[in-house]
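Student: I would like to work through this one by question and answer. Where do we begin?

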Amino acid sequence: DTVKFAFIDPLSGPMGSSGDAGFTSFKLAAEHINAAGGVNGDQIEVVGYDNKVSPKESLVQLQKAIDSGARYILQGNGSSVAAAIIDAVNKHNARNPGEEVVYFNYAAVTPAFTNEACSFWHFRFDAHADMKMNAITDWIKSRDDIKKVYLIGQDYVFGEAVAAAALEQLSEKRPDIEIVGNELHPLAKVKDFTPYIQKIISSGADAVITGNWGSDMTLLVKAAADSGLKIPFLTFYGGSLGAVAALGEGSIGTLYQVTEGITNLEASDDQYALIEEYKDRFPDYDYYYHRAFVTMNMFDMAAEKAGSNDPIAVAKALEGLTYDGAYGTVTMRAEDHQAQQPLYISTVSKDVKYGVDNIDLGWALVDNGTIPATAAEAPTTCKMERPE
Amino acid sequence: METIVFSLLNGIIYGLLLFMLSSGLTLIFSMMGVLNFAHASFYMLGAYFAYTVMGATNYWVALILAPIIVGVVGMGVERWGLRRVHANGHVAELLFTFGLAYLIDEIVKIVWGRTSVNYQVPDALNFPLFTIYNAQYSAYRIFILFVAIFMLCALWYLLKKTRAGLIIQAALTHPHMVGHLGHNVPAIFMGVFGAGCALAGLAGVIGGNYFITDPAMAVQMGPIVFVVVVVGGLGSLEGAFVAAMLIGLLQTFAISINASFADIFGFLGLSPTSEFGSITIASMAPMLPFLLLVLILIVRPTGLMGDREV
Amino acid sequence: MNTPVLKLTDVQKSFGPAKIIQGVDLEIAKGERHAIIGPNGAGKSTLFNLVSGLYSLSSGSVELNGQVISGKKPFEINRMGLSRSFQVSNIFSNMSVRENVRCGVLWSLGYGYSFWRNVGNLKEVQEKTAHILNEVGLLDKANLPASLLPYADQRTLEIAITIAGGAEVIMLDEPTAGMSHSETDRAVALIEKAAKGKTLLIVEHDMGVVFGLADRISVLVYGEIIATGKPSEIRGDPRVREAYLGEEADHFEGATA
Amino acid sequence: MTDMTTDYAALEPSRSEKFRQRILPLILFALLLVVIPFFGPSRTTLTLLNHMGINIVFALAFNMLLGRAGLLTFGHAVYVGLGGYFCVHILNWIDASDGGFWSSVPVFSMPIWGFAMGALAGAVIGWPSCKRSGTPFAMISLGVAELMAAFAYMFDSFFGGEMGISGDRMSGPEFLGLSLGPLDEVYWFIAFWTFVGVALMFAFTRTPLGKLSEATRDNPERVQFIGFNPTRVRYLVFIFSGAFAGMSGGMAAVQDEIFTPESLSLIPSGAVLIAAYIGGIRYFTGPIMGAIVLTYMQSNLSDYSAGWLLYLGLLFICVVMFVPNGIAGMVYGGYDAVRKGKTAEVLGQFALRALGVALMAVSVIVIVEVAFRYSEGYGEVFEPFGLSLPPESVLTWILAVVPLAAGIWLTRHVTRKAEEV
Amino acid sequence: MLSVTDLHAYYGKSHVLNGVNMEIMPGEVIALLGRNGVGRSTTAKAIMGEVAPVGSVKFKGQEIAGLPNHKIARLGLGYVPENRDIFPTMSVRQNLMLGIKDMRKQGKWTIEQMLDMFPNLRSRADNMAGVLSGGEKQMLTMCRTLMGDPDLIIIDEPTEGLAPKIVQQVGDMIAEIARAGVSILLVEQKLSIALRIANRVYVMGHGEIVYGGTPEEFKTRDDVRKEWLEV
Ligand SMILES: Nc1ncnc2c1ncn2[C@@H]1O[C@H](COP(=O)(O)OP(=O)(O)OP(=O)(O)O)[C@@H](O)[C@H]1O
Ligand SMILES: Nc1ncnc2c1ncn2[C@@H]1O[C@H](COP(=O)(O)OP(=O)(O)OP(=O)(O)O)[C@@H](O)[C@H]1O
Ligand SMILES: [Mg+2]
Ligand SMILES: [Mg+2]
């Protein structure tokens, strides 16, 4: 028997590579579990479904996946897709009892999914936006030289949420910090960010916080480097595929990111071996989606604990489960199905063990960059309805 | 003052950049009437070719060679593809370029991989040229400025000093008659399309390292180039130039305005906390070109300086 | 002569600096068949365009049945009962001949922009269409796409569309241009039939047609009417000979004599 | 007058002909829609069919403009989006209301509301844009689409931001005993409205306004001289087209229960253009065929190959270059030939051509698949039908070249033969 | 100068030309007469490569059947088509400019000369050609073709739609062109003009040349006129 996982993310088109990076991670994680005897004796199969980052198309693929017997859904690219999948999974499970599916969200970070919109069927293995912001502001707290902060983001719910979280957390943790700018720009429409950089320069900011992703992130930092602006750009997605290659040395000392782990952290030999195996198998990509491995290993643990691969049983077993990961302990909080884990602030550096994007630059932990899970933790408003 | 100087400077550079991106399209669109949706893909090809050529030789060779290769590819596309489609009208041509864009994007992924390549500004141009109000202006930006002006002159020469422009326009509607007058219409079409593609390629060589060179760069360029060409007016190089500058300046100035709709229309009772009132001019900036496009076409279907309906 | 159906008062038109129509006065009585002749570029087609509303007047006025129509849109003027054809065939080339004519009859039968009725079920429309097709002799070609018609038939269709709306005043711009003699004869017969009881204004270079059809002729030269009168008067007018007919006038005298 | 009626009769298609051409296809279509569920389609198939239905209505609405009125638009998804969003809001109002007006509204009526909203949007946006035609019109639609897509991210209260808004189709009173929960019930809903949409839009082509829109496409100048205002004609058609697009949005709101800003972006607008064109914009049925094919390919081609976009691109290019009248053109062309009694000839030619195309396809597939795998660098090998085709094998190269050459030769040969006849 | 041997042409399946034979000597003016629809225009088009010619067309001794039209034009063969085909969105001057094949060479005629010859055109020189009256368009087309210095010019129905007086003018112009040493193949309906200018006439019927001779001789051949032309 096999346990089918449906990986629903873009596998083609402009976003295809970021979906593929996730897909390859899950496949490798599954292979490792299978090699170790599988889950409860069953082998895991991860099947890719290309959703072309379209929520509508995701629903078609979801249906296809369910019909082909998948009971576990993996997805991460795009909160709009995640929202559509949560909604569809909820409805499917309500309308088709006995055929429940569970959704493991590995990258969609909208806080709502584990707050007001939380669902028993949804588990998030990535830290959500507020938690990441917690990490960023925690780090800023330790940097007395940062006195002025500039917020810039994409003009939509996520960008607004990031800005709001930054404002609130900074005023709490560092009331002395002045917010010298709070700017939103339309999504994926700006070609030349220099005018924005100029505004940042004029404001005298010491650091920039941005939730930008994709080209909006890269172009922003690139424009900063071109204008000689050497201040930390604290990003959520600085580590996304190809960003460092595109920025080149301009990213050193400028580009910062917050993640649940980086390859250049102190780790066990097993972990190093895994990183190298990944790179070897998938030379285009780097070991980035650590949480893919966490997700699969925690699934394995939960299934073994429940003694069954049944989605409801696994979901219940996952609640409150603790896993000792390569970069710290991960706990799946039962109240809201949000994984709690330590976060790391890192920046681009030249002398690192593992480079990224096939160049010699890589991510290195910054001073005081380790944010323990408790510090990153965010409260939840989730009132979850559980089956039975 | 600071804002004005900045905005002016950035606006001009951005405008020139836009002009550079759209100049090839100006040529193809106004001469051949082809809404070339693959324009951005040729732009991307330019960047990738330059990356490869630069790897083997140096940037200056790439600057010359890459556009030529793109131009040749463009000529091939015209010769074996577009020419056949031409008889079926503009929608067919447009769809052809649509499909071509997919094709090029995928081929780029096969050849150069799915993620961005490390195509960087050459060291010779990678230094801050001058600094005003703490902001550095890299030499490369000024280089862009010169290349854009060069492209303007080259195009101007092609359109005004040669009869090619006239011949092509005539050949659009009366290909046979133009042939009877002794002009080799197919060759001219091929040449024009190739030249337009080469210009796109040149923009790619320059833009690829100024921005990012990855397989998504074509998609990201989006319809803004059409806006420039159409707002400027068909058949008008000056128009395209003016439109590019106008859009560049408009957008850059708008970014520097932090006022929200509530600040401006407050007298109408618009509250700053309402959804509409809280929108700032700055956040609207990238939408302005499209607003401009719609307004211009409603008022003046020939565009700013065009001599015929788009 | 009671009130004229069509009355042009000091009509002028300039394109930029070029004064193309420089003060035309013209009255056309009900039921009259009036021809306008003149050298190429005299402004005959322009005059048509002014009357039918395609161009706006620079000054002067045009009245149809006592109502001022200058300044109105072409479709408004058409609805008031004035219909025109074009010097270059101007038909709906991707539609069938029948559909071409049918479009022409729709407005006059009161089926404006209606979208709740099936044209196929509008008996009146179908019958009128058939009637007109029959009259112009295109019935057997009714289901052909208009673009595939031979040239002469396209010209005929042009006339058919023009008369389909049943307008009171019909203006034809060189209806027989490019037709052979036999085709011309057929076209003339058709025009005579169609214009029965209506007012006809026609531009032609074929003097056979003009002298055969017209009750009165106006000669337009450089935007001015230099003569108006019965065919016989026009033929003899030395100014007309000088400006327009040239030697051919003799030819026609000979021909008709 | 008696001969008049005979003329008239001679001109008109006979009653049976009318039935055959107009009513029969609709009846067959309805029958097809009714029969499908009896084959017991899976939920995946049902989802696909439902999306096909939605896209059929959308593509036809789009073609009311492009094919019929000659107006190319790059932003027709805007009307689908507005209609759909409005309907999702209504779903939520229905859900939330107890006893109010909305509580008596069945979800089944959603396409009507979408229709109304689409018409309203068409009326507002069409007012300025229909003053233009041709490329200015197309460009205005592009600008409007970009603006609307941006607004969709800015105005959360209506559009719900990036995540859009979702509703529940199972609320409100039932209609025809359909709870609309399970997909097979949704199928009936979609089938019903697809049929209504297709029938209405077909009827529209036969109305005076429908005919006038064609006349305006062919020759807007002349339309003025038969008493009509071309701007007005365009505007009215635009409203209808927007309305039917909105209707498809209403159908989608029930099927997907969610609407996101992506649904009014340029992507679906471009897709519908492609669908309509591939199907054949000169035929009423063209967009239907195109919508079916494209919907299928968009959802399923990616299952077979990572390079599906490349195939799609190639396919567009080939259709545009070699089959300019689209699938419908091909179908009707064949049908005509068969009716003229040239069945054997046509079939023979068709078979040869199909063989040629198939041969070329073999090579193209081999080249693309091998190249894809090679470029990914995972060391995967293309293994169709048990063959192993690594990039360095001779067999790979033979398969990449020989069928291609043979296919090209064969199709050229057939074409030349056909021209000689 | 031009010799056409056994020329056939088809529109789809209809066989329009059944073997046309004719010769044009340098400096000659030939009128091609015939009823509507017998294929005179098609002959002109077949020579110019507008419809696919089957048979032989030799110009200055070189076979031109099957050449692309710009090559034919460059050999010195000018063509004024039936439908005039001016470029409507360009000015009169630009239209004339497009007639020049090679800007570097000074041709026999200049734009100014052309405008002098036709004062009507001069006054419209900077107007868009699309708004010219029918007659003005006709003049423009002819002038445009002359700008390319052709050695032989094929003119299809130059007087169609022209006022009687202008018809004479056009006739004079053609005569003048002939005087300048350009050979002319004139496809014309109006006998009066054709006979006035031509050195030789050909009459077509059923896609073939059925008569050839001098105008003087032709005037005496009432039988030919009755059978092959409309009276
Ligand atoms: N839109 C316009 N703009 C500028 N000039 C124009 C325009 N329309 C017509 N003209 C000019 O007006 C003059 C009269 O043209 P018109 O077409 O009325 O002549 P016409 O008498 O019909 O001649 P023909 O018998 O040759 O058709 C011409 O010289 C023409 O160039
Ligand atoms: N494009 C075409 N397709 C099909 N048949 C055509 C086409 N053009 C012309 N024909 C037919 O070919 C025959 C010869 O046409 P052609 O134009 O050469 O005649 P013509 O002698 O020049 O007469 P006209 O006085 O009408 O110009 C006619 O019967 C005509 O109907
Ligand atoms: Mg005229
Ligand atoms: Mg002819």
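Tutor: Start with pairing: two strands pair if DSSP finds at least two bridges between them. Keep in mind that this is a predicted model.

Student: Which residue of strand 8 of chain E is the bridge partner of Ile153(E)?
Tutor: Strand 7 (residues 152-156) and strand 8 (residues 183-187) of chain E pair in the parallel sense, over five bridges. One residue of strand 8 of chain E is the bridge partner of Ile153(E): Ile184(E).

Student: In what order do the six strands of that open sheet in chain E lie?
Tutor: The sheet is open and its pairing is mixed. Its edge strands are strand 6 (77-80) and strand 10 (208-213) of chain E, each pairing on one side only. The twist averages 20° from one strand to the next. The order of the six strands in chain E is 6-7-8-3-9-10.

Student: What angle does helix 1 of chain E make with strand 6 of chain E?
Tutor: Helix 1 (residues 40-48) of chain E packs on the sheet. Among the strands it touches are strand 3 (29-34) and strand 9 (200-205) of chain E. Its direction and that of strand 6 of chain E make an angle of about 140°.

Student: And helix 7 of chain E: at what angle does it run to strand 8 of chain E?
Tutor: Helix 7 (residues 164-179) of chain E lies across strand 3, strand 7 and strand 8 of chain E. Its angle to strand 8 of chain E is about 150°.

Student: How many of the six residues of strand 3 of chain E are buried?
Tutor: Buried means under 20% relative accessible area. In a regular strand the side chains alternate between the two faces of the sheet. On one side of strand 3 of chain E, Val29(E), Ala31(E) and Leu33(E) are buried, and on the other Ile30(E), Leu32(E) and Gly34(E) are too. Strand 3 of chain E is therefore largely enclosed by the rest of the structure, and the count of buried residues is six of the six.

Student: Which residue of strand 9 of chain E stands opposite Gly34(E)?
Tutor: Strand 3 of chain E runs parallel to strand 8 of chain E, joined by four bridges. There Ile30(E) stands opposite Leu185(E). With strand 9 of chain E, strand 3 of chain E pairs in the parallel sense over five bridges. In strand 9 of chain E, the residue opposite Gly34(E) is Met204(E).

Student: Now chain A. Which strands stand at the edges of its open sheet of seven strands?
Tutor: The order is 7-6-8-9-10-14-15 in chain A, with mixed pairing.

Student: Which residue is the bridge partner of Ile209(A) in strand 9 of chain A?
Tutor: Strand 8 (residues 207-210) and strand 9 (residues 233-235) of chain A pair in the parallel sense, over three bridges. In strand 9 of chain A, the partner of Ile209(A) is Leu234(A).

Student: How many of the eight residues of helix 11 of chain A are buried?
Tutor: Those buried include Pro311(A), Ile312(A) and Leu318(A). The buried residues pack against several elements of chain A, among them helix 10 (290-306) and strand 12 (328-333). Helix 11 (residues 311-318) of chain A is largely enclosed by the rest of the structure, so described because its buried residues number six of the eight.

Student: Which chains share the most contacts?
Tutor: No contact joins chain A and chain E. Of the seven pairs of chains in contact, the one that shares the most contacts is chains C and D.

Technical notes:
Residues numbered from 1 in each chain as written. Chains lettered and ligands numbered in written order. Predicted model: local features only at pLDDT ≥ 70, side-chain atom pairs only at ≥ 80, totals over all residues. Heavy atoms only, no water. Helix = DSSP H or I, 4+ residues; strand = E, 2+ residues; numbered from the N terminus. Axes fitted to C-alpha atoms, helices over the stretch in contact; angles between N-to-C directions. Contact = heavy atoms within 4.5 Å. Buried < 20%, exposed > 50% of the residue type's maximum accessible area, 1.4 Å probe, protein only.
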